[in-house]
Amino acid sequence: MSRLRVVADVCVRLLDAPPDDGHLLERLVSAVGAELTGCCVAGALAGPGGAVPVVRAVPGGADPAAAGALLDAVVTAVDGEPGSEPRGDLSTGPYADVSDELDSAGRPPGGALVVPVLVRGAVIGAIGVLVPGGGPVPPADAAFVEAVAVAAGGVIERSHAFAATLELLEDARRQGDLLDAISDAIVSCDADGVIVSWNSGAERLYGYSSGDAVGCDLLALLATACVADGVERSAAQMLRDVTTAGRWEGELRERRSDAAPLTVLSSVSALHAADDGGPAGYVFVNRDVTEQRRQEHEAAHDVLTGLPNRRRLVGRIRDAVERVRRGGGPMAVLFLDLDGFKPVNDRHGHAVGDELLIRIAGRLTGTVRSTDFVARLGGDEFVVVLEQFGGVERLMPVLRRILHAVEEPMELSTATVAVSTSIGVALAGDTDAPAELVVDPEDLVKAADEAMYRAKRRPGHVAFADPELDPHWSATEPTG
């Protein structure tokens, strides 16, 4: 068999070896020993604590002491003499003749050669050959050992790269398992919003499989709208904020694959490109808070009309009073009680009565500004909170619009009905020292409630908690 064929065969045997340097070097020594049957062959592997002898092959009749000396020379060639600097000639030439070292060590004379095994220019081991009885290693044998060492270096380098790849793949698998074990939806997209990754949490939350979602436009797929600090903004604006600040936190209004609405608490981070620092993409970490927000909404809103309830009203009044204290202008609490509601309820039934209350809620909300506040306390009682309306005179047109909105006849599902309302008004912050204002929200509601009962006895159906203000309303009532 030609030496070239033998080198190829050695490469095949090395490739079949277990992927660690020790086994590879053992195969190398065995292959060289099988070809150079009359020589002693030894190998050593570089390790963190120094060179480690791996194996040696000793032909029959060879001097064991000479073989031991060869192994010592290989270790010395890889690691250097004890206390000395490591040998440098192994990394600059294909092999080094260490016959003199064997002789100087008092071993039987003989020709020896040590060939380094290099990976990316670094010595990771060596193989040594000794001709028993003296004489140098024949040039053809030396060239063969050199070729095998070069081949071994390439195989070991490939083994290292393969092991590193396996480690990366295993690390990626562990990270994938970790992401899939997280209950939150973790989604990444590129700079154009195209979905790149979609974990199991996202599959559970949105109902789309990873295969269905990857490659789609994220914001279009989920019909995403954003809310931060109570302010709704476009998804495009949110991504611009992420690009500028690097991070955004808020709530997203989205939808599932079955079109069911979702509210998610989201943390969005930008992935910046290495070249220009621009966004290479975005990572969304989303947690479903739909049920939590539903419960919070029900706790603060009237089930029938969807308007805020008394609990939410008290908080709103407290916030409004604080704004008055900071110079935001006066505020007014209007307490409304429907007149004629009970007869409608008794004559047409509770279903019609509920329908009437829902319609009244819609009319009140549509009559005042979007910055004003409408709540239902229960039964046929409603409260409106007005802020920054100016003086008392500016309040009168608002009261008139509310009265007319309620009095307008309503065509319901089974009947056409008409009711009216009486309004009690309590003001706060209409003095010269609003900064000194100290008002309990419940007291304001109570004052407006008491004024409402007086309003029922007045022709214009409006009364103020401060009776001195009643003439303002009387002066604005239409005559005739």
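Colleague: In what order do the seven strands of the open sheet lie?

Modeller: In general, strands of a sheet pair through backbone hydrogen bonds, either parallel or antiparallel. In this predicted model, the order is β7-β6-β12-β11-β10-β8-β9, with antiparallel pairing. Strands (E, at least two residues) and helices (H or I, at least four) are DSSP runs numbered from the N terminus, and two strands pair if DSSP finds at least two bridges between them. The edge strands, β7 (195-198) and β9 (231-233), each pair on one side only. From one strand to the next, the twist averages 30°.

Colleague: How many bridges join β8 to β10?

Modeller: Three bridges link β8 (residues 225-228) with the antiparallel β10 (residues 247-255). Alanine 225 is opposite arginine 253 in β10.

Colleague: At what angle do α12 and α13 pack?

Modeller: Two packed helices are described by the angle between their axes and the distance between the axes. Here α12 (residues 341-348) packs on α13 (residues 350-367) at about 140°, the axes being 6 Å apart. Axes are lines fitted to C-alpha atoms, for helices over the stretch in contact, and angles run from 0 to 180 degrees between N-to-C directions. The pair is therefore oblique, the class left after under 35 degrees (roughly parallel), over 145 (roughly antiparallel) and 65 to 115 (roughly perpendicular). Contact (heavy atoms within 4.5 Å) involves residues including Phe341 of α12 and Leu356 of α13.

Colleague: What conventions apply to residue numbering and model confidence?

Modeller: Residues are numbered from 1 along each chain as its sequence is written, and side-chain values use heavy atoms, leaving out hydrogens and water. Local features need pLDDT of at least 70 and side-chain atom pairs count only at pLDDT 80 or more, whereas totals for chains, interfaces and linings use all residues.
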